[in-house]
Amino acid sequence: MELVHLGHACVVADTGSARILIDPGAFSEGYQTLEGLDAILITHQHFDHLDLEKLPALLGQNPDAELVVDPGTAEQLRERDIAHTVREPGERFTVGGSTVDVVGGDHAVIHPDIPGITNNGYLLDGTVLHPGDSFTVPERTPDVLFLPTGAPWLKVSEAVDYLRAVAPPLAVPIHEAVLANPDLHYGLFSTLAPEGTEVRVAPRGVALAM
């Protein structure tokens with residue numbers, strides 16, 4: 001599998017049998033020109049995970065790609081008459097020859113006064129987990145965890161606790177665009193990671209072969 005981090009929450013995964021884009025949001029770059037996608041997966045409705053203004057052009061470049069979203073995002077897409085498939089936690093579906101399990105269900109709490117929303121985490125082929133904005137711990141340990149680094153709902157100790165709870169062989173930090181100096185967080189992840197977990201930073205647009 002080849003993974004490319006396009007900044008913040010946006011990732012492209014080429015499984016060898018499917019090419020999947022996750023969370024093309026406003027803080028990410030490089031996804032706008034992608035072609036040959038089999039699916040576009042959206043974890044939740046926030047603008048840093050889904051740029052609704054750029055989505056139609058992306059879908060136009062990838063007419064065969066299935067747009068998969070959580071129930072909350074579906075409401076926004078219906079208003080814009082954008083075709084999509086709603087998936088919920090507990091569902092499993094296939095993209096090309098790859099399997100996608102939907103996990104989680106709820107966005108992490110930003111503040112009690114802010115209404116909660118839905119959030120899908122996506123586990124690709126049982127090996128790569130993108131949790132969206134959540135602390136979802138899957139039943140099975142993935143080989144790779146895309147680890148949220150900085151957000152209004154997240155402090156670094158929570159990220160470390162999540163990393164320890166999942167304890168993957170490899171953690172790739174994402175969701176970093178809100179931080180002025182994400183390297184500080186990356187260093188803490190490496191220092192405080194559980195035994196057997198490597199933390200590897202993926203520069204934007206650079207492929208990681210798994």
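Helices (H or I, at least four residues) and strands (E, at least two) are DSSP runs, numbered from the N terminus. This is a predicted model, where local features need pLDDT of at least 70, side-chain atom pairs count only at pLDDT 80 or more, and totals for chains, interfaces and linings use all residues. Residues are numbered from 1 along each chain as its sequence is written, and side-chain values use heavy atoms, with hydrogens and water left out.

**Exercise 1.** Find where V178 sits, and say whether V178 is buried or partly exposed.

*Solution.* Start with the place: V178 is in the loop between strand 12 and helix 4. Next, look at its cover: the relative accessible area is 42%, so V178 counts as partly exposed (buried is under 20%, exposed over 50%, partly exposed in between, with a 1.4 Å probe and protein chains only).

**Exercise 2.** Work out which residues of helix 4 are buried and why they share a side.

*Solution.* Take residues 182-192 and pick out the buried ones: P182, H185, Y186 and F189. They span an arc of only 100° around the axis (taken from the directions from the helix axis to the C-beta atoms), so they lie on the same side of helix 4. Now turn to the face pointing away from that side: there you'll find the exposed D183, L184 and T191.

**Exercise 3.** List what the buried residues of helix 4 pack against.

*Solution.* Go through the contacts (heavy atoms within 4.5 Å). The partners are strand 11 (144-148), helix 3 (156-166), strand 12 (170-174) and strand 13 (198-199).
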